[in-house]
Structures are given as C-alpha cells and as structure tokens.
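Here are my notes on the charged side-chain pairs. Please read them with the structure open.

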Amino acid sequence: PAVTKPFAMPERPGLRRREQARGFTLVEVLVALAVMAVIAGMAWQGLDAMVRSREAAQASSQATLRTSIALAQWERDLWAVLPTGAVPALRFDGAQMRLTREAAEGGVQVVVWSRREGAWWRWASPAVTRTGELQDLWLRSQQLLGQEEGTVKLLEGLNGLQLYFHRDNAWTNAQSSGDRNAQADDPLGQGTPPGALPAALDERLPNAVRLVLSLPAGRLTRDLLMPPQP
C-alpha cells in the first residue's frame, strides 16, 4: 500500500522576516529610558561635584596667592623703613599705617597701608630727596581718597586688621602713645593743630611688628622682626 505523508503547510518567507524584525515593546522602551535617565542623573551629580570641587580649590589657591603677595610687599616695606628726622618713620592710627622707606631708585618714599571698603590698599608716593617735599608728602598721605596714582588694592575680603608693636619684651597696641616723647610731640603743651605735621621724631621704632588680619577663612597672624636701627 502507498504511504501517505502528512500534509504540511508551506512556510511563508514573509512571516519569518516579520517575526525576526519584531522590535521592543513600548514598556521595554520606557524602562530603558528610565534606566538611562537614572544613570545620566548620577553621572551629572558626580561631574557637578567634581567641577565645584575644582572651582573651590582654584578659588582657595588664588586667595592664598594674593595673600602671600600682599604680605611679601608688607614685609619689604617694613624692612626698608628709613628714619629721616623730618617725619615719623612709622605710625599707625587704627585705620592706616604710614611709613617712610628707602626707594629702590633712590630717595625716600611715603607708603600708606589702609583698610577700606573691605580691602587692603597700598599707596606709595614718588621718591623725593628734599626734606620739604617729604613733609608735604606726609601731610598729603593723611588725606588720601583712594584715586591717587600709586594706589593698589592688594587684598580683598579683609574683615578686620590689628597691629601690635614689640618693645621692651612686650607686645603693645600700635596706637599707644607710650612710646613717644610727649614733649617732642607738643613742646609748648598746646596740642597739635589739625593737619599739622607731628613732631615725634624721637619715636622708637619697634623691635618687631605683629599683623593680625581677619579673613573669610579665619584669622591670620604674621610677626616680622624689624631690622636693627643704626
């Protein structure tokens, strides 16, 4: 007898291609997007933290550099203090410190360090060689407006400044008048007229100067030993 083979439906090529080309469902796409969003958010937070950390480190480094530059200039000025006998060599009134220093190009300069508008400023006069010119500069230095030539802002964010002088094995407030000869200040006992040139020319220079700066990062104290005077 003849063997009858089971009837088989012919396979349609188009159906197989459609089954192989079947894409993701909507739920799968949404899940993938959610996972990618979470990963992207975590990566962004990490990147943002790195950027903020780098910016903070750069700002701290720049602040440290500016402070170092200002203190280096401060120390150079104090080391170059030159008593002239015409005006006080070093004087602090609570807001400004004035000094006379030997200029690099020769002559004598009047230098003023002041705290103003939350910043530390330095003004240096031209170098002069005559007594009258030096006295005029000293008087002019008491009326600075901050726009004069030779004015430089060296440090920002200065919240406070204190100055102390070291004499006779003790630190004293730099505004103290105990280190000046009162008779030399006012030989007639009539008081110094406003704007007049102080006559305390026998004032002893300190052995050391202590500077205390109040900065956003905290207090900074710097002691500087003064050079010996002849």
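1. Start with Glu75. This is a predicted model. In it, Glu75 has 23% relative accessibility and so counts as partly exposed. Partly exposed here covers the range between under 20% (buried) and over 50% (exposed).

2. Glu75 pairs with Arg222 in a salt bridge, with 2.8 Å between the closest N and O atoms. Arg222 sits in strand E9 (residues 218-225) and Glu75 in helix H2 (residues 26-79), so the bridge ties together parts 147 residues apart in sequence. Arg222 is partly exposed too, at 31% relative accessibility.

3. Strand E9 also holds Asp223, which bridges to Arg210 in strand E8. The closest N and O atoms of Arg210 and Asp223 are 2.8 Å apart. The two residues are 13 apart, and the pair links distant parts of the chain. Arg210 is partly exposed at 24% relative accessibility. Asp223 is partly exposed as well, with a relative accessible area of 41%.

4. Asp168 and Arg204 form a salt bridge at 3.3 Å, N to O. Asp168 lies in the loop between strands E6 (160-167) and E7 (170-173), and Arg204 in the loop between helix H4 (182-185) and strand E8 (208-215), so the contact ties together parts 36 residues apart in sequence. Asp168 is exposed, with a relative accessible area of 58%. Arg204 is partly exposed at 40% relative accessibility.

5. Salt bridges link Asp77, Arg101 and Arg122.

6. How many salt bridges does a search of the whole structure find? The count is seven.

Terms used
Residues numbered from 1 in each chain as written. Predicted model: local features only at pLDDT ≥ 70, side-chain atom pairs only at ≥ 80, totals over all residues. Heavy atoms only, no water. Salt bridge = Lys/Arg side-chain N within 4 Å of Asp/Glu carboxyl O. Helix = DSSP H or I, 4+ residues; strand = E, 2+ residues; numbered from the N terminus. Buried < 20%, exposed > 50% of the residue type's maximum accessible area, 1.4 Å probe, protein only.
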